[in-house]
Amino acid sequence: MTEIRIPTLRGKTLAGNFVDPVDSQGVAVLFVHGFLSDRHSHGWFDRYAKAYRGIGYATLQIDCSGCGASDDDVITLDNITDDVRSSSLWLKENGFKKQIIHAHGFGAQASLRAHPDHVDAMILVSPVCGARDIEWDKIFTDKQLSELEQFGHTQIPDDTSCERENFVVSKRTLSDMSLTTPQDLFDRVTQSLLFIFSERDEDFGLVEMLHEGLEYLDEETRDVHIKVLENSDLLMPPEEVPDTVEELVELGRSWLRTHHPLTVRGAAGGSVN
């Protein structure tokens, strides 16, 4: 595994892990994590990446700006969108002109907006594809709300296993999370798309939002697949939901094999799909 640094188009630098298996065939999967997370996505991305490398894909896991070991930055949809474009460009410059994105939540929204030229397909887990009401006073402390009002930004302590003490969010971040427009996400998207949701996501209306947003996709280029997982919780650490992990990993592998197959050299000189 190679630790890398990726310059962004706006001057920030991203940290990441890049692995190119000996039997890979020039196709890479770029992982884009969700809100207030990092390149490991609480262990989810590590498991996906290992599984994808096992069937012949190179993998790039990045810390978005303001997260993990990347440069400090305010977490906004525009900034993460730029991170996706910059990471895709890094892969292209390193010989990977065919790419696939696997993204969670906020990172999935940014990936839809990024329009990277060399990305042929996306696996998008639990994206929010429309506007929603959020009671911020139940999420932020009075002190944080006061800082947002007075200074335009505030810090959120990291209580996960990420590599930094605090994340920085702004009023723009709150707008990004509550005022997403489907047209902004789906306009000009031409990639094959696999959407994965949990039953909890469906209860919160995320699947309904997606169907409304898909109306903005070009009918001639639309290639969309939607999967709602039963009895699953995608917010739990992967070690606590092993059955869900295996289902998700196999779903991703099967979709890649079916829609974007590789011919991978086997150990005995044969080939497998």
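Before I start: buried means under 20% relative accessible area, exposed over 50%, and partly exposed in between, with a 1.4 Å probe and protein chains only.

**Ground rules.** I am working with a predicted model, where local features need pLDDT of at least 70, side-chain atom pairs count only at pLDDT 80 or more, and totals for chains, interfaces and linings use all residues. Residues are numbered from 1 along each chain as its sequence is written, and side-chain values use heavy atoms, with hydrogens and water left out. My helices (H or I, at least four residues) and strands (E, at least two) are DSSP runs, numbered from the N terminus.

**Entry 1: His 115.** I found His 115 in the loop between α3 (105-114) and β6 (119-125). Is His 115 buried or exposed? His 115 counts as buried because its relative accessibility is 15%. I also noted its positive phi, near 55°.

**Entry 2: Leu 36.** I looked up Leu 36 next, and its phi is positive too, near 55°. Leu 36 lies in the loop between β3 (27-32) and α1 (44-53). I wrote these down because most residues other than glycine have a negative phi.

I then checked its partners; two strands pair if DSSP finds at least two bridges between them. Strand β1 (residues 2-7) runs antiparallel to β2, joined by six bridges, and Glu 3 has Asn 17 of β2 as its bridge partner. The two form a hairpin with five residues between them, and Gly 11 in the turn has a positive phi of about 100°. Strand β4 (residues 58-62) also pairs with β2 in the antiparallel sense, over four bridges. There, Gly 16 has Ile 62 of β4 as its bridge partner.
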